[in-house]
Every structure is written in C-alpha cells, then in structure tokens.
Amino acid sequence: MLEANDENIAWPAPGLWPRRAAKEYIPPHAVLLFGATGDLAKRKLLPGLARLSESSLAPELRVIGTSLDELDDGAFREFARAAVEEFGSDKVDGEQLSRFLEKLRYVSGSGGPQALRQAVADAEAALGEDARRLHYLSVPPRAAVPVIETLKAAGLVDRARVIMEKPFGSDLESAIELNARVHQTFRESQIFRIDHFLGKEPAQNILAFRFANGLFEPIWNRNFIHHVQIDIPETLGLENRVGFYESTGAYRDMVVTHLMQVLAFIAIEPPTALEPRAIGEEKNKVFRSLMPIDPRNVVRGQYDGYRDEEGVSRHSDTETFIALACTLDNWRWAGVPFYLRTGKRLAEGQRIVSIAFREAPKSMFPPNSGVGTKGPDHLTFDLADASRLSLSFYGKRPGPGMRLEKLSMQFATSDTDEVEDVLEAYERLILDTLRGDHTLFTTAEGIESLWERSIPLLEDPPSVKPYAPGSWGPNAIHQLIAPNAWRLPFERVWRGSH
Ligand code: BG6
C-alpha cells in the first residue's frame with residue numbers, strides 16, 4: 001500500500017515535512033514554559049524540548065520554567081531529569097540530558113513579571129542578538145488571560161510567539177472573550193493554538209492518504225461510505241489532573257478538541273495547498289457544516305469511584321466518558337453518521353478512525369457462505385505511535401466451495417526504515433512554532449464554530465451514567481450506534497501485534 005517517504009514524492013511545502021530544509025535558518029529561542037511542573041510538562045514538553053534541543057532540527061534553546069510551585073534551578077533540573085528519564089529516555093542519552101539540563105532555569109510565579117523579564121534577558125544575552133521568544137502556556141483555560149497579562153507587564157511581547165493549550169475557552173462566550181483578550185496583547189500571527197493530535201504522524205498521514213492517491217478520494221463520500229467511527233478509549237485514569245478535569249470533562253478535554261480535529265481531516269475537501277490558510281479554510285467549512293450536537297445522541301458516563309477521588313465533588317456531574325453521533329450537512333457527507341467515543345479508565349487504550357463502506361448485494365453467494373457476516377469493509381487508521389493502516393475486505397477461504405472470510409491489507413510506519421524520523425506530536429508542533437509555521441494549528445474561527453455547535457449539549461447535557469472501570473462505557477453506547485456496531489474491541493488483532 002503506502003510507500004512511506006518515497007524519495008520521488010515532491011512535497012509542495014515544508015509545512016508537513018519533518019526534516020529541516022538544508023538552508024532554513026531558525027534563530028535561537030528563549031522558551032518560557034508556564035505550568036512547568038504540571039503533568040503535560042512532565043510527560044511531553046520537557047522530554048520533547050530535551051530531544052529537540054539536542055537534535056539538528058531545532059536552533060539553540062534556553063528554557064525557563066515557571067509555575068506556582070516554589071522551586072530553585074536545582075530542584076527544577078531534578079524534576080526535568082526525572083521527567084525525561086521516565087518519559088523520553090529512549091530519545092536522549094545521559095550526556096545529552098546533562099547538556100539539556102544546563103540550559104534550564106526556574107522562576108517561581110511569586111517573583112512576578114520582573115523576575116521573568118530578568119530570566120529571559122539572561123537567556124537572550126547567552127543566545128545572542130537575534131534571539132527570539134517562545135512562550136508555552138501549559139495552563140488551564142482560566143489561567144490563560146492572567147498569563148498573557150503577566151507577559152505584557154514583563155515586556156515579553158515583542159519577538160515572541162505564544163503557544164496556547166487546549167481547550168481554548170470552555171464555551172462559545174469564553175472562547176470569544178479569550179480571543180479578544182489575547183488579541184489586546186498579541187497579533188494573530190504570534191498565536192499558535194495547539195491541538196497535539198494534529199502533530200501526530202498518523203493524523204497527517206490521513207491527508208497524505210486521502211489527497212496523494214487516486215484510489216480512495218473518488219469513493220470518499222456519502223455514496224460509498226456508510227459511517228465513520230473515531231474511537232479513542234484510554235485506560236489512563238486522572239492521576240494528579242483531577243483539579244483540571246473536574247471542571248473540564250471528556251467533551252471539552254477530548255471531543256471539541258482532538259476528536260473534532262481528526263474528524264476535520266477525514267471530512268475536508270481537498271485544500272488548494274498545504275499551507276495554513278488553505279487548510280484552515282477547509283477545516284472551518286467542515287465545522288460550519290456540523291449539525292448542532294443533539295443531547296439525545298449523546299451518552300455521558302462517569303466511572304464508578306470517580307466521586308470518591310480527592311478533589312471531586314460527591315455530586316459531580318463531570319463526564320469521564322462520552323460517546324455521540326453527529327452529522328455534517330454538506331454534499332459530501334449528508335446522512336453519514338460520525339460516531340465519536342472517548343473516556344478514561346476504559347478497557348483498552350486505542351486511537352482509531354474506522355471508515356465503514358457500504359455493503360455489497362449478497363444474493364449471488366450461497367447461504368452460509370459467510371458473506372456480510374463480519375460487518376462491512378473497513379478502512380482503519382490507527383493514530384497510535386505504530387501508525388498503522390488496515391483495509392479489510394471479504395475474500396475466499398482456500399478449498400472447495402465458496403466460503404468467505406475477512407482478510408486485510410495492512411501497513412505500519414514502524415515497519416519502514418524511517419521510523420526513527422518520527423517526531424512525537426509535541427516535538428513536531430513546537431518545532432513548527434519555532435519555524436513560524438501555522439499549518440498544523442487550530443484557528444479561532446474553527447474553535448468558535450465548534451463551541452457554537454456544542455451549545456445544545458452544553459446547555460442541556462444528559463445526566464451521567466455509571467460504568468465500571470475496565471469496561472467500554474455505559475451500556476447505552478450500543479443503542480447509540482445500532483444497527484451498526486463499535487469496531488472496538490477488534491475481532492482480529494493487528495498483524496504483528498500480540
Ligand atoms: C490530552 C488530554 O490533550 O490528550 C488527556 O488532556 C488525554 O486527557 C491526552 O489523555 C491523550 O493524548 P495522547 O497523545 O496520549 O493520545
């Protein structure tokens with residue numbers, strides 16, 4: 001099937017290409033990381049910055065961590081060392097890690113804007129005259145505006161880009177307000193609204209697969225596609241993120257963000273170019289054609305025991321699980337249901353998009369041949385790191401007579417020689433920000449459209465149904481998708497996995 005990284009493929013723009021073009025110059029950067037002792041910094045940002053700063057892709061970096069915790073440089077370096085060792089050790093060796101740690105400093109939030117300004121000035125003095133600034137706001141939505149104001153008070157707006165974490169606002173009103181407040185300080189060209197699913201290699205492969213091949217695009221519409229599933233169950237619980245999650249829930253944390261961005265890549269019309277405006281325009285059209293989310297087509301769940309966790313209200317109505325059906329009212333997709341599901345403490349951790357094609361007439365095959373009994377033909381994208389793709393179809397079982405069974409063609413990036421080139425999603429997106437490339441970032445207009453389509457659900461959410469940890473969610477998920485069925489758990493495992 002796909003030949004990954006075929007040298008003959010002419011990529012039209014550097015936007016989706018991981019290698020730094022030979023002559024591309026990226027100035028050195030002082031990176032100011034807000035929320036530096038948080039979960040995201042620990043799991044992804046510090047390991048990612050360590051790998052980038054030690055690779056030939058990124059320029060010289062100095063990283064200043066800040067948060068509400070009172071730490072000194074030494075304690076922060078120890079925190080970062082533990083984070084990289086636990087979550088990124090396969091990417092940097094001991095020597096590289098020590099070099100990276102020397103580039104770290106910490107400023108406690110209590111030092112105010114003055115302390116941040118001084119730390120950035122020191123970093124810039126070391127980096128040279130053309131140093132630029134990257135501010136990473138790894139903070140919950142309510143903290144975004146205070147951080148922006150701190151940056152303004154510290155005089156750190158010029159020569160700066162700012163990465164803002166999702167969710168961007170918590171509903172339409174707050175997203176509009178947040179956008180207006182951010183624009184009082186930063187120009188739109190300085191703002192990078194991150195959704196790390198767009199930085200995942202397999203998510204970008206959806207675009208390559210759809211638009212670089214003549215085979216599938218002609219059948220990529222309501223005439224051939226019966227329904228689509230975007231299914232992202234997690235085994236992970238909330239660990240120390242309860243404070244963030246209790247006021248967020250699965251819909252805001254995952255659906256209006258990651259799952260909808262993936263939906264957009266599946267559903268967009270061919271963009272005229274691989275560049276931010278063209279892709280943003282097409283994605284916004286998808287979001288505008290999304291029908292408002294009808295609470296009757298939504299199952300909200302909460303795992304047993306959630307209300308007993310520290311920091312959670314005994315009467316909490318926060319959903320730790322959500323499944324919903326939605327539709328796009330446009331010529332390509334009218335009448336094709338998109339089923340979305342995600343949640344915490346579920347049976348398996350998976351990230352799949354599954355396209356179910358319309359079924360063939362079955363009458364020519366003898367009774368009991370098995371035709372159609374294993375569901376429709378499917379194209380499945382696995383958005384997990386192995387980055388797999390599978391096309392399943394009926395074929396003849398060898399031997400006399402005509403017995404049919406499900407077969408599949410599969411591809412995995414991890415089988416190619418280029419697997420080492422894969423950048424982790426945050427690495428990719430931080431690098432794109434250093435380069436000033438907005439292609440894989442979300443736009444204010446798109447986010448606002450999504451919040452607008454969410455109003456019926458946010459105003460009148462169905463009450464949460466309990467589910468057992470380790471299950472696939474409340475029973476109502478089966479009624480939601482009937483007469484279709486969830487692909488997960490898979491009947492057949494991926495080839496090569498155990
Ligand atoms: C984050 C959510 O954005 O994405 C988390 O806040 C979730 O709740 C995570 O676990 C999933 O990302 P990934 O890359 O591990 O699939």
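Because the model is predicted, local features were considered at pLDDT of at least 70 and side-chain atom pairs at pLDDT 80 or more, whereas totals for chains, interfaces and linings use all residues. Residues are numbered from 1 along each chain as its sequence is written, and side-chain values use heavy atoms, with hydrogens and water left out.

The protein has 14 helices and 15 strands; these are DSSP runs numbered from the N terminus, with helices (H or I) of at least four residues and strands (E) of at least two. The radius of gyration, taken over C-alpha atoms, is 24 Å, close to the 23 Å that the globule rule gives for 498 residues, so the protein is as compact as a globular protein of that length. The globule rule is 2.2 Å times the number of residues to the power 0.38. Along the principal axes, the C-alpha trace spans about 80 × 55 × 40 Å. Of the 498 residues, 53% are buried, where buried means under 20% relative accessible area, exposed means over 50%, and partly exposed lies in between (1.4 Å probe, protein chains only). The protein exposes about 22,100 Å², of which carbon and sulfur atoms supply 51%; accessible areas come from the Shrake-Rupley method with a 1.4 Å probe, and for residues only the protein chains shown count as cover. Among contacts (heavy atoms within 4.5 Å) between residues at least 6 apart in sequence, 78% join residues at least 24 apart.

The structure holds four cavities of 30 Å³ or more. A cavity is a set of points, on a 1 Å grid over the protein atoms alone, where a 1.4 Å probe fits but cannot get out; lining residues have an atom within 4 Å of a point. Grid points are joined across faces, edges and corners, and a volume is the space filled by probe spheres set on the points. The largest cavity has a volume of about 110 Å³. It is lined by 15 residues, of which Lys166, Phe168, Thr257, Thr442 and Ile447 are the closest to its centre. Two elements, α9 (249–267) and α12 (444–453), each give two or more residues to this lining. The lining residues of the largest cavity comprise eight nonpolar, three polar and four charged; Ala, Val, Leu, Ile, Met, Phe, Trp, Tyr, Cys and Pro count as nonpolar, Asp, Glu, Lys and Arg as charged, and the others, Gly among them, as polar.

Helix α12 is largely enclosed by the rest of the structure, because seven of its ten residues are buried. These are Ala444, Gly446, Ile447, Ser449, Leu450, Trp451 and Arg453. The buried residues of α12 pack against α6 (172–183), β6 (191–193), α9, α10 (276–289) and α13 (455–459). Within α10 lies Glu282, which counts as buried at 8% relative accessibility. Beyond residues up to four places away in sequence, Glu282 touches Ile268, Glu269, Pro270 and Pro271.

Further buried residues occur in other elements. Ser390, in strand β13 (residues 388–396), has a relative accessible area of 8% and is buried. With residues up to four places away not counted, Ser390 touches His378, Leu379, Thr380, Ser408, Met409, Gln410 and Trp494. Leu431 belongs to helix α11 (residues 425–435) and is buried, with a relative accessible area of 4%. Although 373 residues separate Leu431 from Ala58 in sequence, their C-alpha atoms are 6.6 Å apart in space. Ala154, in the loop between α5 (141–153) and β5 (160–164), is buried with a relative accessible area of 0%. Leaving aside neighbours within four places in sequence, Ala154 is in contact with Pro113 and Arg117; the C-alpha atoms of Ala154 and Arg117, 37 residues apart along the chain, are separated by 5.3 Å.

Several features concern backbone geometry. A cis peptide bond joins Ala482 and Pro483, with omega about 5°, and another cis bond joins Leu488 and Pro489, with omega about -5°. Pro483 is placed in the segment after α14 (476–481), and Pro489 also lies in the segment after α14. Glu239, a residue other than glycine, has a positive phi near 40°. Glu239 is located in the loop between β7 (225–233) and α8 (242–246) and is partly exposed, with a relative accessible area of 49%. Arg345 likewise has a positive phi, near 55°; Arg345 lies in the loop between β10 (338–343) and β11 (352–357) and counts as partly exposed at 33% relative accessibility.

Key:
On a 1 Å grid over the protein atoms alone, a cavity is a set of points where a 1.4 Å probe fits but cannot get out, and a pocket is an open set with protein on both sides within 12 Å along at least five of seven lines; lining residues have an atom within 4 Å of a point.
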